[in-house]
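Open the model in your viewer and keep the sequence panel beside it. The stops below say what to select next and what is there.

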Amino acid sequence: MTVHILKPGMMSSLQDRGRYGHQHLGVSPSGAMDERAHRLAHLLAGNTTDQDLASLEITVQGPSLRFDEAALFVLTGADMNASLDGQPVAVLRPTLARAGQALTMQSAKPGQGARSYLSVYGGFQVESLLGSQSTHMRVGLGGFEGRALKKGDQIALARPLPNDETTLNSLQAELDELRIYMPAALALAPRERLRVMLDQADLFTDESLELFQGQSYRISPASERMGYRLEGQPLQRKSPKELLSAPTCFGTIQVPNDGQPIVLMADRQTTGGYPRIGQVISVDLAQVAQRLPGQNLGFEVVTVEQAHALAARQEQAFARLNDSLEPLRQALKQCVT
């Protein structure tokens, strides 16, 4: 009843939507870098919206793994040329794996993203710590032994499918007939400039505010799950006065003393004392997570009202997708009962 890791890939770890409610105790939320792709994988694997089960977040180079029991799985995010026993596997499509079949993933296609997500029906059987199955690798918390996966690891499936050919053939027939209509609001259309809301803009010179919105930044090689460091013309503050530390969020853009912005990501610190020039809006966070060091990005300013409207549109799209996948959930329910 396990998934057996044959090759771990560059960095693969279990992540859900994060460990919230504990930042006041210094516990970082962690969670999926591309929450949009994680949620898509979760729904397309036949899971329900009232659950937040971990998916396998795969970075840049994919793993190879063997299903020791039958399972339904889905891949979303970056296309990593996956194959199941040599047969190509499409992203955004539920795929049935029989016991003993091996899933092999390659490197992400150039320009197609940095992270892929693998979800299985019923999720993985891992302990929930502080309300989350997410892995925080810096502190060894959660997920599978608090770390990235390595060769030889075996992760149990919470709800393996029955190893009955008649039942599995019937399910495969249902999958062949399944039509999935992906709302446009859930697609990741590449954006050169990410939308941000200004925060402590009054701390920066007018020239720096124009520069922040006008220039293109290069993502530094020193970028990872804690934060993406950007390289460009430095931003200048009006005064070098010290600031009180304040809570941080996913997408907070801090500007340290060198004037080079840092976009805080999933494994961010819980508080920070650097000035905050802006906040990447929630629907554009995936745009950051799917970029690689060496690529470029810029920023454009939007209002809070615009950010809320875009977030509401995305949530409505997730609700529509969830409703449309009820036939898949019913077919899986019949399969396991």
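**Stop 1: the open sheet**

Select the open sheet of 5 strands, whose order is 2-3-10-5-8 with antiparallel pairing. Strands here are DSSP runs of E with at least two residues, helices are runs of H or I with at least four, and both are numbered from the N terminus. Two strands pair if DSSP finds at least two bridges between them. At the edges are strand 2 and strand 8 (95–97), each pairing on one side only. From one strand to the next, the twist averages 30°.

This is a predicted model, in which local features need pLDDT of at least 70 and side-chain atom pairs count only at pLDDT 80 or more, while totals for chains, interfaces and linings use all residues. Residues are numbered from 1 along each chain as its sequence is written, and side-chain values use heavy atoms, leaving out hydrogens and water.

**Stop 2: strand 2 and M11**

Zoom in on strand 2 and strand 3 (residues 55–59), which run antiparallel and are joined by 5 bridges. L14 has L56 in strand 3 as its bridge partner.

Now select M11, in strand 2 (residues 11–15). Is M11 buried, partly exposed or exposed? M11 counts as partly exposed because its relative accessibility is 26%; buried means under 20% relative accessible area and exposed over 50%, with partly exposed in between (1.4 Å probe, protein chains only). Leaving aside neighbours within four places in sequence, M11 is in contact (heavy atoms within 4.5 Å) with residues including E57, M137 and R225.

**Stop 3**

Strand 12 and strand 20 pair in the parallel sense over 4 bridges, and R193 stands opposite G298 in strand 20.

**Stop 3: the cores**

Which residues touch the most other members of the largest nonpolar core? Among them are F212, I253 and F299, in a core of 31 residues. A nonpolar core is a set of buried Ala, Val, Leu, Ile, Met, Phe, Trp, Tyr and Cys residues joined through side-chain atoms within 4.5 Å. A second, separate core of 28 residues includes I58 and L149.

Key:
Axes are lines fitted to C-alpha atoms, for helices over the stretch in contact, and angles run from 0 to 180 degrees between N-to-C directions.
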